[in-house]
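These are my notebook entries on a structure that is new to me. I record what I looked up, entry by entry.

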Amino acid sequence: LITVSTQDYDLKEIYSVLQETYTKQKTNIPYSFSFFERLVNESIKRNCGKLFIAKDDEENINAVLFIVWDNLTCYNLIAGSKEKYKANDAISLLVFCAMKYANSLNIKDYDMEGSMIKGVERYFREFNGKQTPYLFISKYYSSFYKILRKIKHRKV
């Protein structure tokens with residue numbers, strides 16, 4: 001049985017779950033614990049953020065989800081789960097609870113924040129939301145321009 005809690009949590013333990021999620025993706029967590037702690041505490045203090053924790057019968061954290069919101073939209077900001085409890089699909093339960101919570105605040109838009117990671121993107125697509133493409137814009141210079149840049153930046 002999985003239960004969802006929004007209080008009485010240890011942020012260091014939650015951060016370790018998030019670290020495990022990034023390790024599973026073969027990358028490092030892109031923010032420090034102190035940043036994460038400030039973000040969560042300030043968002044909650046300002047009444048624009050909430051942390052959801054899924055625990056099993058033995059009080060093991062299975063998954064975590066942190067949401068933030070403004071007047072119009074709730075954002076699925078940070079999420080992670082422990083690999084050994086992945087079969088419980090606790091993260092889906094947390095997303096469901098977060099959506100219900102956002103609805104109770106009369107916030108009608110829930111932004112899943114998407115992902116460029118194929119497995120994560122596929123998971124979010126299962127919620128049947130409106131997909132918004134991610135654009136990559138770059139500029140390619142002509143050969144003549146490249147030569148001029150090399151001349152300009154060459155060491156004298």
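**Entry 1. Confidence**

What is the mean pLDDT of the protein chain, and what share of its residues reach 70 or more? I noted first that the model is predicted. The chain has a mean pLDDT of 86, and 81% of its residues reach 70 or more. I then looked at the elements: helix α2, residues 33-45, has the highest mean pLDDT, at 97. The lowest, 63, belongs to helix α4, residues 118-125. Where pLDDT is low, the predicted coordinates should not be read in detail.

**Entry 2. Helix α2**

Which residues of α2 are buried? I found F36, V40 and S43 to be buried. Viewed down the helix axis, the buried residues of α2 fall within an arc of 75°, and therefore they line one face of the helix. R38 and K45, on the other side of α2, are exposed.

**Entry 3. Salt bridges**

How many salt bridges does a search of the whole structure find? The search returns four. Side chains of opposite charge can pair when their charged atoms come close.

I followed E42. Its side chain meets that of K45 in a salt bridge, at 3.5 Å from N to O. K45 and E42 are separated by about one helical turn, because they stand three residues apart in helix α2. K45 counts as exposed, with a relative accessibility of 63%, while E42 counts as partly exposed at 31%.

E42 also meets R46 in a salt bridge, here at 3.1 Å from N to O. R46 counts as exposed, since its relative accessibility is 62%.

Is K55 buried or exposed? At 15% relative accessibility, K55 counts as buried.

**Entry 4. Positive phi values**

I next looked at backbone angles. Most residues other than glycine have a negative phi, and most peptide bonds are trans. D8, a residue other than glycine, has a positive phi near 55°. I located D8 in the loop between β1 (3-5) and α1 (11-24). D8 counts as exposed, its relative accessibility being 70%.

K26 also has a positive phi, near 60°, and is not a glycine. Where is K26 placed? I found K26 in the loop between α1 and α2. K26 is exposed, with a relative accessible area of 78%.

**Entry 5. A contact across the sequence**

I turned to Y22, which is found in helix α1. Y22 is partly exposed, with a relative accessible area of 21%. I checked Y22 against G80: the two are 58 residues apart in sequence, and their C-alpha atoms are 8.3 Å apart in space.

**Entry 6. A nonpolar surface patch**

Which residues form a nonpolar patch on the surface? I listed F144, I147, L148 and I151, which together have about 420 Å² of accessible area. One of them, I147, lies in helix α5, residues 143-153.

Key. Residues are numbered from 1 along each chain as its sequence is written. This is a predicted model: local features need pLDDT of at least 70, side-chain atom pairs count only at pLDDT 80 or more; totals for chains, interfaces and linings use all residues. Side-chain values use heavy atoms; hydrogens and water are left out. Patches are made of residues with over 30% relative accessible area and no salt bridge: like charges are joined within 9 Å, nonpolar side chains (Val, Leu, Ile, Met, Phe, Trp, Tyr) within 5 Å. Accessible areas come from the Shrake-Rupley method with a 1.4 Å probe; for residues, only the protein chains shown count as cover. Helices (H or I, at least four residues) and strands (E, at least two) are DSSP runs, numbered from the N terminus. pLDDT is the predictor's confidence in each residue, from 0 to 100. Buried means under 20% relative accessible area, exposed over 50%, partly exposed in between (1.4 Å probe, protein chains only). The arc is that of the directions from the helix axis to the C-beta atoms.
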